[in-house]
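Subject: Handover of the three-chain model

Hello,

Here is the structure I said I would pass on. My notes on it follow below the entry.

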Amino acid sequence: MATWFHQSLVAATLLAMAAASQAIAANECATGHTLTEGRLTVATGNPAYPPWVMNDAPQSGEGFESAIAYAVAERMGFDKSAVDWVRTSFDEAIQPGEKNFDFNLQQYSIKPERLEVIDFSTPYYTTTMAVVVKEGSAAAATEPTASGLKKLKFGAAAGTTSQPFLAKELQPEQDMLLYDDNADVVAAISANQIDAIVFDLPSALFVTAVQLDGGKLLGQFPVENNESPDNFGLLMAKGSALKPCVDAAIESLAADGTLKQIESQWLADGAGVPVIDMSK
Amino acid sequence: MTPRQRYEQSERRRSVIVAAVSLAAVGAVLAWLVPMAPGWEAVKRSFFNWPILVKTFPTLLKAFMLDVMIFAWSLPLIIVLALVIALCRNVRSAALFPLRVFGAFYTDIFRGVPTILLVYLIGFGIPGLGLPRPWNSPYLWGTVALVLTYSAYVAEVLRSGIESVHASQRSAAHSLGLSEADTMRYVVLPQAIRRQIPAMMNFVIALQKDVALLSFIGPVELLRQANVYKSLMANFTPYVGAAIIFLCVTIPATRYTDHLLAKQRAQRS
Amino acid sequence: MTRSNDELPASARAVPESLVNELPRLRLESVSKCFDEVTVCDQITLDIAVGEMLCLIGASGSGKSTLLRCLNLLEPVDDGRIWLDNTEISIPGLDPGPVRKRIGIVFQSFNLFPHMTVMDNITLAPKRVLQQEPEQAQSVARTLLAQFGLEDKAKEYPDRLSGGQQQRVAIVRALAMKPEVMLLDEITSALDPELVGEVLDVVRALKGQGMTIVLATHEMSFAREVADRVCFLDKGKVVEVAPPEVMFSNPAQQRTQQFLRRVLQQ
């Protein structure tokens, strides 16, 4: 009995110490570096779109990026109640001056050109670009090859890296049309003003499944052909002292398979989507 | 040179020197103060980034050609439609009263709706009806939206020009046996248009900038191209580049308008 | 006196018996014109013979100008009838174009078209209304300009001319339509005194050519010199019509005497 009690006490103490030390270690990394002491401020878009954030409610933890944010926070030593959400546009995220967030996630691609004014974490997700067409349109019959796709009239959301990507990798024959957001691009393809849309693969999967009536995924670009596969990173102020802690958190999530698990929970599997043959 | 002329010349020279010195002083103070702001380095990196400007400027300039083209085909359409609307608002015969109502209605509606809204509604709405290509082109319907808005404004300018031509000019034309239409065409309109050219130039300048609104419905013109570069590079310098390009066109146009106005004032006095 | 009236509508060609034998160029029967409540022309009855020069005199606001504008159909009459030769021109709804071709009017303030050269001012109506070829219209204009000493002004814009020159151009512009009647409305009132003479010379020349002229004027000495008859209007009514030698030396009406005494004293 005594032994059991003793053993239990020791175990409990050890557990408590372990937990405490882990918490202290994590908190030490972030201590004094967050916007508000003891709290983590995370930014997302306004509005935030599924499947990244479900129902425009990031605090629910539902949606890929919302789940990622809470997982990163947890590894940094902030429990769910210590996370505050704010909203920013892309322009607010990159403007010089004080940031109103600790990190910002809304499918920001890590691009070398961007690193002059902001910092990115290690990637939390890697994807590629995909082409969406309308079922029943002439474009729907296009072969998923470079030569076939070249002939289409493309549209995309302007804030994304779709246009520079297409201009470099595919060089379409017709001028692209660009829009403010996904809703406008979808309106444009519905009105037959464009043949095809370029999205990142998860957005493409979501749009074809939910937003666009009769949407069809024509294909995804091969990752190896893409000069750098589209890597999403958490955006931070240039020289943010938080970066090592955020990077460590993401690496730890990747190492124990949590990232993969969140991904499979919220993002549709793109494995079945044909890969575009860039050699033809 | 008379003593009076000599005196006036020296006064002129003196005021030019005073103006130049004060301008230089203000410039120097600004150039000295602004970099002292703590955020200046960051602002410089984000807004006045020379390597980014050099890299993006040629493409921006190319994108601007699209603005120039939209402007070039919109302007004549605007003038023609504005003329028609102004004439509608000016018909006097009772039988054509519905035309007057139409003209008034038209100017009320299209001056009352923000241009960007009209570009959205027409640029997305009408192609959404299911028109086949190329009749659903955003260029086409975006242009229609610009033409509708601007012709409403220009029609009002023309109408007030027509009303400013003195009744005695109409009387003189009528007394010579000229018809209503000939009186308008040869006597009233030429004077109205001439009188209103400076006012219309202001709309021409505004149109030069508003063609960029078409970027909202797809076309990748200057503003949109700058927007793409801004996203790609996370840097606002391409916007500054776009502003420079717009200024290169609008400043001369504005100066020219002022010159026309000054000339007109001189003629009147 | 026969005249082709082909361009006038059939309804305008009815000729009353009383007019068949003695045809004045212009006949006014009880012509009245009101602006709102004010009667500006009140029951005016007048005949103007072919080649006659009638001077209208009277104070400002007596209805001289309005009467001339009614004759040119710039103002519709409210009551009464106007005949041009054997044609009634006061019919409501009548196309004023053909009438205006035959009756020219010149205004106090010239009303030249400021955006056109003198030549264009003169040739516009002949080209558009009479369908003359440009060369023909220009040669007519040049002849008229030369006649009135303006041959070197054809390419000038009106604002480069003196008031007297502008008024002479306005007269030439009206004459280029080859009218049968000229209405001259205070054509010297807006001119500096030293420029009045050159315009009055033009009127003398017109009379010499046998033009039928109705002249509203304040120039009593000129009226006395050139008028065949003088008509005194007061408050829109014809008070007295008489040859100038009677009107200016021995007017029948007391109101005429008062008016003339007042203006001649000045």
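At what angle do helix α5 (residues 115-125) and helix α6 (residues 138-164) of chain B pack, and how far apart are their axes? The angle is about 140° and the axes are 8 Å apart. Before the rest, the conventions. This is a predicted model, in which local features need pLDDT of at least 70 and side-chain atom pairs count only at pLDDT 80 or more, while totals for chains, interfaces and linings use all residues. Residues are numbered from 1 along each chain as its sequence is written, and chains are lettered from A and ligands numbered from 1 in the order in which they are written.

Helix pairs in chain B

Two packed helices are described by the angle between their axes and the distance between the axes. Axes here are lines fitted to C-alpha atoms, for helices over the stretch in contact, with angles from 0 to 180 degrees between N-to-C directions. Helices (H or I, at least four residues) and strands (E, at least two) are DSSP runs, numbered from the N terminus.

α5(B) and α6(B) are therefore oblique to each other (angles under 35 degrees count as roughly parallel, over 145 as roughly antiparallel, 65 to 115 as roughly perpendicular and the rest as oblique). From α5(B), B:Thr115, B:Leu118, B:Val119, B:Ile122 and B:Gly123 take part, and they meet B:Pro138, B:Trp141, B:Gly142, B:Val144, B:Ala145, B:Leu148 and B:Thr149 of α6(B). Residues are in contact if their C-beta atoms, placed from the backbone, lie within 7 Å. This contact has eight nonpolar, four polar and no charged residues. For the classes, Ala, Val, Leu, Ile, Met, Phe, Trp, Tyr, Cys and Pro count as nonpolar, Asp, Glu, Lys and Arg as charged, and the others, Gly among them, as polar.

The other pair is α7(B) and α8(B), whose axes come within 10 Å and cross at roughly 155°. That makes α7(B) roughly antiparallel to α8(B). The crossing is again right-handed. B:Gln169, B:Arg170, B:Ala173 and B:His174 of α7(B) meet B:Thr183, B:Val187, B:Val188 and B:Gln191 of α8(B). By class, that contact has three nonpolar, four polar and one charged residue.

How the chains touch

Two pairs of chains touch, and the one with the most contacts is chains A and B. That contact takes 29 residues from chain A and 23 residues from chain B. On the chain B side, the elements that give two or more residues are α2 (40-47) and α9 (222-233). α9(B) gives the most, with six residues. The chain B side has 12 nonpolar, eight polar and three charged residues.

Between chains B and C, the contact takes 16 residues from chain B and 17 residues from chain C. Here α7 (167-175) and α8 (180-210) of chain B are the elements that give two or more residues to the chain B side. That side has six nonpolar, eight polar and two charged residues. Chain A and chain C do not touch, and their nearest C-alpha atoms are 48 Å apart.

Chain B has 10 helices and zero strands. Its radius of gyration, taken over C-alpha atoms, is 25 Å, whereas a compact globule of 269 residues would have one near 18 Å (the globule rule is 2.2 Å times the number of residues to the power 0.38). The C-alpha trace of chain B spans about 75 × 70 × 25 Å along its principal axes. Of its 269 residues, 35% count as buried (20 or more other C-beta atoms, placed from the backbone, within 10 Å of its own; exposed is 12 or fewer, partly exposed in between).

Chain C has 10 helices and 10 strands. Its radius of gyration is 18 Å, which agrees with the value near 18 Å for a compact globule of 266 residues. Its C-alpha atoms fill a box of roughly 50 × 50 × 35 Å along the principal axes. Of the 266 residues of chain C, 45% count as buried.

One residue in chain A

A:Pro58 lies in the loop between β1 (40-44) and α2 (64-76) of chain A. A:Pro58 is buried, with 26 other C-beta atoms within 10 Å. Leaving out residues up to four places away in sequence, A:Pro58 touches A:Thr44, A:Ala48, A:Val53, A:Ser66, A:Ala69 and A:Trp85. The C-alpha atoms of A:Pro58 and A:Thr44 are separated by 7.9 Å, with the two residues 14 apart along the chain.

Regards

Notes: Left-handed = near helix turned anticlockwise from the far one by under 90°.
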